[in-house]
Amino acid sequence: MHIFKNPNFDFVRWKWHAIAVSWIIILVGAFVIWTKGMPKGVEFSGGTIVILKFDQAPDLDKIRASLPGGGANAVVQSYGEPAAKQVLIRVHSAGAESGGSLSATAEAVVAELTKAGMGPIAESCVPGRPGNCVAGTTIVGPTVGKELEQRGILATVFALSGILVYIALRFRLSFAVGAVVATIHDLLITLAFLAIFKYELSLNVIAALLTITGYSMNDTIVIYDRVRENLRTMRRDNIASVVNAAVNQMLDRTMITGGLTLLSVIALFLFGGEVLKGFAFTMIVGIITGTYSSVFIAAAIVVIWQGRTPMRAAPAAPAAPARKPGKRARAS
C-alpha cells in the first residue's frame, strides 16, 4: 500500500522552521504553566474524590456554591455520560497527611450538599434503587502523592538514559543525541498542550507520556536504520541528502502506522469515558508530535551535528591477500 508515489520532499530544508515552531509551542506552554500552574491530579497533590449520582440532572454551579468556601478548593465537573447524571467532586488536601481528616472531607462534602437541599444522599449506590447516592470515593494522602510524583519523574529519566546509551552503542552518538532530543521535545510539547487545555497531570497521563516515549523512539529508530543502510549506497552524498532519502523512503510506513494508531486513540478519546480522557488526549498529541519529531527534529539534529561534510559508512574489512601460486614439482 502506497500513499505517496516516489516521494522526494526536502524535509531537511525546513528543519529550522520546524525547530522554531516547536520552540514557540514550548514557550507558550511554559508561560501557561508559570502563570497558571500545571494542574495535578489527586494522585500527585493528594486529596479526596467523591463521585455522586443524582436522580435529576445536577446543577454544577449550585453544587460548587454549596461546598465549603464556595468550592474555592474544589473541582466540580460532570462525570461519564450525561445520561448517567453523575458529578465528580475533587477536593485537594492541604497540610500533613491524615487519613481521618481526608475521610472527613468526603463526609463533609455529602453533608454540605444535603444541607443545600440535594439530599438525602445514600452512602453507596444500589443498582435499581432510586435516589441520590455516592457512586465512589478515592482518598490519597499528600505524602503518597509526593512519592508517586517522584517515581513518575524517575521513570521518565531512566527511560531516556537507557535510550541514549542503547542508540549510542547501536548506531552513532549523533543519532543517540537526536533521538533523545526528539523524545524530550515530544514530552515538552505534550506537557504544553496539557497545560493549555487544562488537563490534570495524573497517573494515566504519566503512563501515556511513557508510552509516547517508546512510540516516538520506535519511529525514529526505523528512520535511523534506513539512514545507516543509505550510508553504504550513497557514500559520496552529504548527510542531508542521505537523511532526506531515508525519510522519503519510510514516509509511507510512517504515515500508515501513525494514522492507524491515531484513529485508535481518537476512538478512545470519544468513547473511553471521563477516566481515560486525559490518557487519550495525551496519546493524540504525542502520536502527532512523535511523527513530526521523527521527521523534522531527530533527523535535523543528525544533519546539524554532522554538518555538510560527507559521512561515510564504516569501512569494510580488508580482503585477504591472494596467495602466490606454488612452484611446480620437479620431474623425477
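This is a predicted model: local features need pLDDT of at least 70, side-chain atom pairs count only at pLDDT 80 or more; totals for chains, interfaces and linings use all residues.
What is the volume of the largest pocket? It is about 630 Å³. Residues are numbered from 1 along each chain as its sequence is written, and side-chain values use heavy atoms, without hydrogens and water.

A pocket here is an open set of points on a 1 Å grid over the protein atoms alone, where a 1.4 Å probe fits, with protein on both sides within 12 Å along at least five of seven lines; lining residues have an atom within 4 Å of a point. A volume is the space filled by probe spheres set on the points, which are joined across faces, edges and corners.

The largest pocket has 24 lining residues, and Q77, R90, E200, E274 and V275 lie nearest its centre. By class, this lining holds 12 nonpolar, 6 polar and 6 charged residues. Nonpolar covers Ala, Val, Leu, Ile, Met, Phe, Trp, Tyr, Cys and Pro; charged covers Asp, Glu, Lys and Arg; the others, Gly among them, are polar.

I turn now to the second largest pocket, with a volume of about 420 Å³. It is lined by 17 residues, of which I153, L191, L201, I206 and L209 are the closest to its centre. Helix α5 gives the largest share of this lining, 6 residues; helices are DSSP runs of H or I with at least four residues, numbered from the N terminus. The lining comprises 13 nonpolar, 2 polar and 2 charged residues.

Definitions and conventions. Helices (H or I, at least four residues) and strands (E, at least two) are DSSP runs, numbered from the N terminus.
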